[in-house]
Protein chains: 2
Amino acid sequence: MSDIKGLMQQLGENARVASRQMAVASTQAKNQALLYTAEAIEASRQQLLSANAEDLAAGKAKGLSAPLLDRLELTIARIDNMIEGLQQVAALVDPVGEINDLRYMPSGIQVGRMRVPLGVIGIIYESRPNVTAEAASLCLKSGNATILRGGSEAIHSNQAIAACIREGLNKAGLLAAAVQVVETTDREAVGHMITMPEYIDVIVPRGGKSLIERISQDARVPVIKHLDGICHVYIDDGADMSKAVNIALNAKTHRYGVCNAMETLLVAESMAEEFLPQIMQVYDEKDVELRGCEKTLDILPGIETATSEDWETEYLAPILAIKVVSGLSEAIEHINAHGSQHTDTIVTEDYARGMRFLREVDSSSVMINASTRFADGFEYGLGAEIGISTDKIHARGPVGLEGLTSQKYIVLGDGHIRK
Amino acid sequence: MSDIKGLMQQLGENARVASRQMAVASTQAKNQALLYTAEAIEASRQQLLSANAEDLAAGKAKGLSAPLLDRLELTIARIDNMIEGLQQVAALVDPVGEINDLRYMPSGIQVGRMRVPLGVIGIIYESRPNVTAEAASLCLKSGNATILRGGSEAIHSNQAIAACIREGLNKAGLLAAAVQVVETTDREAVGHMITMPEYIDVIVPRGGKSLIERISQDARVPVIKHLDGICHVYIDDGADMSKAVNIALNAKTHRYGVCNAMETLLVAESMAEEFLPQIMQVYDEKDVELRGCEKTLDILPGIETATSEDWETEYLAPILAIKVVSGLSEAIEHINAHGSQHTDTIVTEDYARGMRFLREVDSSSVMINASTRFADGFEYGLGAEIGISTDKIHARGPVGLEGLTSQKYIVLGDGHIRK
């Protein structure tokens with residue numbers, strides 16, 4: 001057995017033991033651990049900044065790109081955010097132990113469901129060190145133990161944050177092993193993490209598509225997957241022109257590098273002539289590059305031609321593909337064939353077509369007359385978000401505390417037996 | 001590519017196409033398909049019996065055991081049950097399209113969740129041919145397409161039932177590929193089924209522990225697992241003696257070969273002297289073999305000694321392991337260490353200890369003062385059951401129609417954009 005395998009199994013065993021304590025920990029103890037962690041981070045600003053400086057220096061020496069270095073950096077504002085995030089999670093309602101749908105059955109027993117933690121959650125993420133505090137806090141609040149594997153380039157920052165979390169757990173009387181950061185930067189560690197169903201109950205990868213695809217491919221543990229966000233806005237026949245322009249503008253230009261930004265705009269044929277020149281004007285002001293189908297080019301000559309590849313590309317950039325469709329049916333077909341089951345919206349004033357879009361588009365968030373940018377745990381009222389699932393098993397759409405739990409059945413009787 | 005691989009991929013493609021139609025099929029069309037199938041089975045009794053006779057003859061020639069031959073047999077009563085089951089599923093409320101928790105958010109949008117089918121469900125089962133109709137009906141009602149792989153010994157019976165289902169689907173105007181039975185009996189087919197995530201969204205294995213373990217081990221598709229049922233009854237300090245005796249008797253002797261039967265009886269030390277002789281008397285009348293810990297033997301001399309293996313054995317037979325424990329804490333520890341996270345019950349009159357048992361026992365069904373035999377989709381009001389999950393991801397406990405669905409987010413706005 002390799003040393004790393006042994007190390008990971010040890011982390012797994014520790015986590016399993018801690019998960020049993022966490023599952024029955026009181027709401028007060030969990031909240032105290034979060035607030036003590038926030039205090040420890042406040043008191044360790046200097047240590048965090050110098051650990052991060054070490055990572056940044058090593059990153060520069062290794063020639064990391066500017067965006068990567070930016071994500072790696074712990075600024076004062078980002079440390080403030082971590083502290084605030086911990087306080088916010090402490091303020092959320094504890095999902096564990098919540099009982100739903102308790103009903104009397106004809107036999108006389110009462111049957112209901114009680115929310116319980118999943119057990120041990122493995123988080124695999126890339127350069128952003130603030131994920132360490134964010135992910136740990138959500139797992140902790142939902143009564144789970146966590147094993148965190150951050151990017152090797154952030155190892156010193158992650159360890160410094162982990163020390164604060166351990167302090168918080170200790171002060172609250174909880175086992176420090178409830179949150180463990182993998183200390184080795186060896187890639188082999190990830191391979192073990194995703195193949196230890198006896199110790200880890202679910203893996204949440206946070207990072208680019210290639211990381212998530214690689215993990216899903218090899219995992220022997222369930223993975224809460226979030227692949228790309230190829231989001232659509234469909235402008236329906238008879239749509240309100242100002243809603244259409246506002247939503248199409250917001251969905252594309254509010255932020256470019258996010259998974260819930262629109263990448264393809266679909267326009268009903270009957271609307272194209274009036275709508276396309278208007279939307280082109282507002283996009284031009286934002287320097288958005290447009291690529292269109294043939295019919296779009298007839299109306300907007302001079303823009304690039306969209307190739308079939310464009311319908312399946314997540315640009316994450318000021319680029320937009322535009323397609324004129326015959327109507328609702330073609331729009332739904334296009335979305336279900338080329339989208340990524342993330343977030344899609346229809347702009348319409350028609351009741352029946354809105355309802356049909358809602359029912360037939362097979363995406364994790366389906367919207368009427370709202371910007372795709374709303375697909376987000378905070379906007380949905382979840383209070384926090386560990387990721388967005390484009391899967392159907394277990395969780396779909398933004399995943400908050402509830403997505404880190406399960407429900408067991410409870411039965412209350414008074415000596416009832418089965419006849 | 002082997003022929004069987006090609007065959008399975010073809011089934012997978014057909015199922016994927018059919019699943020899109022099923023996802024948007026009306027409740028009426030789905031119910032009609034179920035009722036037309038029931039009619040087709042009614043009209044095909046003779047064909048079903050002769051196909052089954054063929055399987056039985058082959059089974060006898062192959063030397064199948066008497067219990068296996070019994071499970072394989074389609075009696076008149078079992079055909080009646082299939083027909084009734086189809087009618088019952090038609091009468092259930094359609095879960096697809098149900099909208100929950102639609103609420104206004106501070107931004108002005110309304111956010112809620114809509115229930116959607118999972119897609120394509122693979123069912124892998126053993127000798128009982130009636131599972132074909134049962135599993136197909138639940139998948140159909142929940143808007144999923146199904147690929148069914150039954151035991152090779154039941155192939156003629158399964159194909160005869162499948163023909164009736166195809167007739168029902170056709171008459172209702174739905175694609176026959178919504179329910180496909182694998183025609184080859186080659187074992188290789190199962191290997192392909194569990195490794196085609198592009199065509200199959202979830203696998204539900206129904207059968208013995210070794211089948212399920214083998215499938216879980218190799219699957220690249222999520223599996224709704226149900227391993228063994230090592231269920232406990234714990235008689236708490238101060239328990240009502242008549243409830244204790246009734247529940248312990250019912251949980252063990254109501255039926256022996258079922259997963260929700262009790263296999264281990266835990267007794268608080270303070271209760272042992274009074275309770276054990278009483279319960280021994282009623283078990284003696286039923287010829288239940290008792291195996292006890294040392295303390296049990298002090299009170300019930302002459303019974304077998306339980307070995308450590310007994311605490312982890314699913315007897316499925318008139319055998320019971322008995323352990324005297326110091327109290328609630330030891331009972332919970334024993335259950336969480338040796339149980340199978342299936343179903344466990346406490347007999348108690350004490351509020352705090354009952355609540356603690358409910359919270360701390362990590363099983364898919366946890367009960368107070370009720371027989372473990374109640375752990376069942378029908379008793380829980382689910383209307384039907386495709387299996388019992390001892391997992392935590394996606395579904396836990398009895399799985400009915402809801403367990404075959406997921407929830408997507410829906411957002412209703414009126415031109416809302418993100419600020």
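Strand E13 of chain A and strand E16 (residues 405-416) of chain B pair in the parallel sense over five bridges, where strands are DSSP runs of E of at least two residues, helices are runs of H or I of at least four, both numbered from the N terminus, and two strands pair if DSSP finds at least two bridges between them. Within this pairing, A:Met367 stands opposite B:Val411 in E16(B). The model is predicted, with local features needing pLDDT of at least 70 and side-chain atom pairs counting only at pLDDT 80 or more, while totals for chains, interfaces and linings use all residues. Residues are numbered from 1 along each chain as its sequence is written, and chains are lettered from A and ligands numbered from 1 in the order in which they are written.

- Contact, defined as C-beta atoms, placed from the backbone, lying within 7 Å, joins 56 residues of chain A with 56 residues of chain B.
- On the side of chain A that touches chain B, E16(A) gives the most, with 11 residues.

**The sheet across the chains**
- An open sheet of 10 strands with mixed pairing runs in the order E1(A)-E2(A)-E16(A)-E13(B)-E12(B)-E7(B)-E8(B)-E11(B)-E9(B)-E10(B).
- Strand E1 (99-104) of chain A and strand E10 (304-305) of chain B stand at the edges, each with a single partner strand, so one side of each is left without a neighbour in the sheet.
- Strands E7 (residues 231-235) and E12 (residues 343-347) of chain B pair in the parallel sense over four bridges, with B:Ile235 opposite B:Val347.

**Helix H7 of chain B**
- Helix H7 (residues 155-171) of chain B has 12 of its 17 residues buried, so it is largely enclosed by the rest of the structure; a residue is buried if 20 or more other C-beta atoms, placed from the backbone, lie within 10 Å of its own.
- The buried residues of H7(B), including B:His156, B:Cys164 and B:Arg166, pack against helices H2 (27-43), H3 (45-62) and H6 (130-141) and strand E5 (179-181) of chain B.
- Just after H7(B), B:Gly173 takes a positive phi of about 80 degrees.

Note on methods:
Two residues are in contact if their C-beta atoms, placed from the backbone, lie within 7 Å.
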